[in-house]
Amino acid sequence: MNFGVVVFPGSNCDRDCFDVVRDVLKQPVDFLWHKEKPNLDQYSCLIIPGGFSYGDYLRCGAIARFSPIMEKVIKFAEKGGLVIGICNGFQILLEAGLLPGAMMRNTNLHFICKYVDLKVDSVNSPFSSQYKKGQTIRVPIAHNEGNYYIDDAGLAELKKNDQIVFRYVTNPNGARDDIAGLVNKNRNVLGMMPHPERSSEMILGSADGRPIFESLVDWMKKHG
Amino acid sequence: MFQADVEVMLKDTVADPQGITVLTSGTALGIKGLEDVRMGKLIQVKIEANNSEEAKNKIDEFSKKLLTNPVIEHYRIGQVVQL
């Protein structure tokens with residue numbers, strides 16, 4: 001039930017993710033440096049953390065997507081391994097083509113750093129089974145490019161396949177259809193802009209993000 | 001050595017929050033008749049190649065693979081100049 005946290009130059013939420021897995025979930029976890037091509041078979045879940053990989057140059061996630069480890073991450077995901085991309089991690093997964101759509105600049109052109117309310121729209125995923133459908137949770141966002149874009153056909157597809165996991169109650173960034181987090185068609189890759197690793201302990205103001213990690217542990221117990 | 005500019009723009013179907021803000025600001029400054037502002041990137045590339053066609057093909061590959069995200073952007077390669 002090993003977790004791996006991928007670290008890029010400019011990642012800054014890697015420690016938070018690591019600490020949540022190790023200290024809150026009490027699960028084994030390793031850091032994985034982006035320049036390596038490790039054997040990922042021993043891992044059940046990879047976390048692509050937030051931050052500003054490669055300074056967000058060119059487009060957010062565009063350079064990190066070509067880091068040596070990403071080739072392995074893509075294969076891992078294609079074989080059904082669990083991958084969660086948070087914030088910049090979400091942007092990297094979009095650039096890598098593991099999730100559909102693209103990320104645009106927030107409509108108000110501000111870097112937005114605040115707690116937002118999310119509605120849990122799908123509990124049918126390894127990432128959200130510990131929530132109740134329709135439940136409202138409070139999780140912080142901190143991003144400049146969280147304005148999710150997908151074309152009409154793509155959006156229809158997401159809805160048809162129940163791929164939208166989290167929606168903003170009040171849209172902060174212009175994201176299409178209020179989308180804050182979604183899974184791929186195979187439901188083993190989640191991308192989300194809000195930060196569950198910053199809201200997994202009450203001492204940080206909210207523990208509403210913790211069920212995401214607990215859902216993962218629960219899923220791994222059931223599926224090996 | 002060859003050089004060319006790659007112009008990257010958001011697709012017409014994609015809203016451009018920066019462009020809209022600049023348009024609003026320009027109108028507020030009293031610039032009359034402003035209809036639309038779209039913002040993009042200009043990326044200047046220098047590349048070694050045997051001829052300009054090869055240079056253009058290589059820049060095209062570079063543009064497709066890294067410089068643009070085809071979900072939201074399109075690009076145009078300007079004149080390839082030999083240096």
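Q: Two strands count as paired if DSSP finds at least two bridges between them. In this predicted model, how many bridges join strand β1 to strand β3 of chain A?
A: Strand β1 covers residues 2-7 and strand β3 covers residues 43-48, both in chain A. The two run parallel. One of their bridges has A:Asn2 and A:Tyr43 as partners. The number of bridges joining β1(A) to β3(A) is 4.

Q: Which strands are the edge strands of the open sheet in chain A?
A: The sheet is made of 9 strands with mixed pairing, in the order β2-β1-β3-β4-β11-β10-β9-β6-β7 of chain A. Neighbouring strands in this sheet are turned by 25 degrees against each other on average, direction ignored. An edge strand here pairs on one side only, and this holds for two strands of chain A, β2 (29-33) and β7 (136-143).

Q: What angle does the direction of helix α3 make with that of β4(A)?
A: Helix α3, residues 88-95 of chain A, packs on the sheet. In doing so, α3 touches β3, β4 (82-86), β10 (179-183) and β11 (189-192) of chain A. Its direction and that of β4(A) make an angle of about 120 degrees.

Q: Which strands of the sheet does helix α4 of chain A touch?
A: Helix α4 spans residues 152-160 of chain A and packs on the sheet. The direction of α4 makes about 110 degrees with that of β9(A). The strands touched by α4 are β9 (164-168) and β10 of chain A.

Q: Why do the buried residues of α4(A) lie on the same side, and which residues are exposed on the other side?
A: The buried residues in α4(A) are A:Gly154, A:Leu155 and A:Leu158. They lie on the same side of α4(A) because they cover an arc of only 100 degrees around the axis. These buried residues pack against β8 (147-149), β9 and β10 of chain A. On the other side of α4(A), the exposed residues are A:Asp152, A:Ala153 and A:Lys160.

Q: Is A:Ser53 buried or exposed?
A: A:Ser53 is located in the loop between β3 and α2 (68-78) of chain A. Its side chain forms a polar contact of 2.8 Å with the side chain of A:Asn88. Beyond four places in sequence, A:Ser53 touches several residues, including A:Phe8, A:Gly61 and A:Ile92. Its relative accessible area is 2%, and the cut-off is under 20%, so A:Ser53 is buried.

Q: At what distance does the side chain of A:Ser11 reach the backbone nitrogen of A:Phe8?
A: A:Ser11 belongs to the loop between β1 and α1 (14-24) of chain A. With 15% relative accessibility, A:Ser11 counts as buried. Leaving aside neighbours within four places in sequence, its contacts are A:Val6, A:Pro49, A:Gly50 and A:Gly51. Its side chain reaches the backbone nitrogen of A:Phe8 at 2.9 Å.

Q: Which residues touch the most other members of the largest nonpolar core?
A: This core has 68 residues, and its largest share, 6 residues, comes from α2(A). Another core, of 13 residues, lies apart from it and includes B:Val6 and B:Ala49. The residues in the largest core that touch the most other members are A:Phe3, A:Ile47, A:Ile84, A:Tyr148 and A:Phe166.

Technical notes: Residues numbered from 1 in each chain as written. Chains lettered and ligands numbered in written order. Predicted model: local features only at pLDDT ≥ 70, side-chain atom pairs only at ≥ 80, totals over all residues. Heavy atoms only, no water. Axes fitted to C-alpha atoms, helices over the stretch in contact; angles between N-to-C directions. Contact = heavy atoms within 4.5 Å. Buried < 20%, exposed > 50% of the residue type's maximum accessible area, 1.4 Å probe, protein only. Polar contact = N/O pair within 3.5 Å; in protein donor to acceptor, adjacent residues only side chain to side chain. Arc of directions from axis to C-beta. Core = buried A, V, L, I, M, F, W, Y, C linked by side-chain atoms within 4.5 Å.
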